[in-house]
Amino acid sequence: MMMAYITGMYASPSFYIKRLSVIAKSIELVLPDTLKPAQDYDNVWTYKGRMLRVRTNDFGDVVHIGYKLFDHQLASHYTPREALDFIERYALEQDLDIDKEAQERKKLADNVKCTQGSLSMLAKVTPDTPVTIDKIEHRKFRVKWSLGAHVLEFYFPVDYQSIIGANTIELEEVFERNIKRVLPIIDDNLLVDWENVKVVHSGNLLIANEGTYLNDSIRSDIFLKENSVKRTLILDSKMPVYSVKNILLTGVFPDEIPLRLTIDCYGYRKKQVDDISLQQFIGLCQLEKCEMYVGIKTYNPEEITAVVFALNREMAYNHVLSVRFPLGLLQGESISVTGTVYTYIPLQNVTEKFFTQDLNN
């Protein structure tokens, strides 16, 4: 149940995180302003005689710089792609001109554990080197190369900060920057072919995308109605709970819904983000390939309060948005939704307390 989206682009290349800017400067890599969004550049630039890979995201940001260690087939189809990026970036950083003490500090920060061979063997790895990559118990990745009679094997945790190369504060900045650049499509005719979606019948309702997260009250269920012509998403002031759940899961509504958003930041700071919509939040979560779940906390004639969990299983993090949804929106009133978001929370830190406690205070 993925919402369609468009992204705003920028002409000149920008680095997704500061670490990539440092790497580019260290290797004297000058990138042109003609880089296209969502592209792999794996046969253009070299460093110390080895081919580099430079990758851009849908916004046109440079999201990866590293040695080209994987062939095009693997790089194009492996998920999560961020894991391959980490490995290639890590290999390049081993060759940067920094002292050994700094290298050891970086290895500890990245939590890389070599179990066979030595990391110096990365210098011999090419895209043609036989490799296996496994995800173990959703907690760590294992990469293993066969280099003739020798094997290089190391592990690294499924930790988004380490893999992406940014700390909590920078990721909060990334979230704020990106949410302002998502331009969502709100017409459900452009989103999903409801006629071909698998559903279960519950009385007069059709339920699609059934699922739960953390407890039975936090669900991914989408509610449809059906007539002799077609199925449609329920958006009806007479069915407020179903309608609000649908909106929070898909973003579908006749108009963009203004969102007065507070980002709960590291160090007990609060950051207000203005001039964005609820659909931009949902669009960003789905751009990041998150699964969407909603739990309804309270319901009265004026408003519904709910918590949205955007779950990225592959990278083991959640965005959690606690919202107050005024029901006048369903009757055509021009009102804002208010909410507080916690971004890029490691899964081991996400519990039912995010649902049961008041996160807006």
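I take exposed to mean over 50% relative accessible area, and buried to mean under 20%. The model I consulted is predicted.

**Entry 1: Asp-275.** I looked up Asp-275 and found a relative accessibility of 79%, so Asp-275 counts as exposed. The residue belongs to strand 18, which covers residues 269–277. I also noted that Asp-275 has a positive phi of about 60 degrees, although it is not a glycine. For context, most residues other than glycine have a negative phi.

**Entry 2: Glu-28.** I then turned to Glu-28, another non-glycine residue with a positive phi, here about 55 degrees. Glu-28 sits in the loop between helix 1 (18–26) and strand 2 (40–41). Its relative accessibility is 69%, and therefore I recorded Glu-28 as exposed.

**Entry 3: Pro-80.** I examined the peptide bond from Thr-79 to Pro-80 and found it to be cis, with omega near 0 degrees. Most peptide bonds are trans. I located Pro-80 in the loop that joins helix 2 (72–77) to helix 3 (81–93).

**Entry 4: helix 6.** I checked the length of helix 6 (residues 168–179). Its 12 residues, at 1.5 Å a residue, should span 16 Å, and the end C-alpha atoms are 17 Å apart, which agrees. At the N-terminal end I found a cap provided by Asn-167, with a side-chain oxygen 3.2 Å from the backbone nitrogen of Ile-169. Which residues of helix 6 are buried? I listed Glu-170, Leu-171, Glu-172, Val-174, Phe-175, Glu-176, Asn-178 and Ile-179.

Conventions. Residues are numbered from 1 along each chain as its sequence is written. This is a predicted model: local features need pLDDT of at least 70, side-chain atom pairs count only at pLDDT 80 or more; totals for chains, interfaces and linings use all residues. Side-chain values use heavy atoms; hydrogens and water are left out. Helices (H or I, at least four residues) and strands (E, at least two) are DSSP runs, numbered from the N terminus. Buried means under 20% relative accessible area, exposed over 50%, partly exposed in between (1.4 Å probe, protein chains only). The expected span of a helix is 1.5 Å times one less than its number of residues. A polar contact is a pair of N or O atoms within 3.5 Å; within protein, one must be able to donate a hydrogen and the other to accept it, and residues adjacent in sequence count only if both atoms are side-chain atoms.
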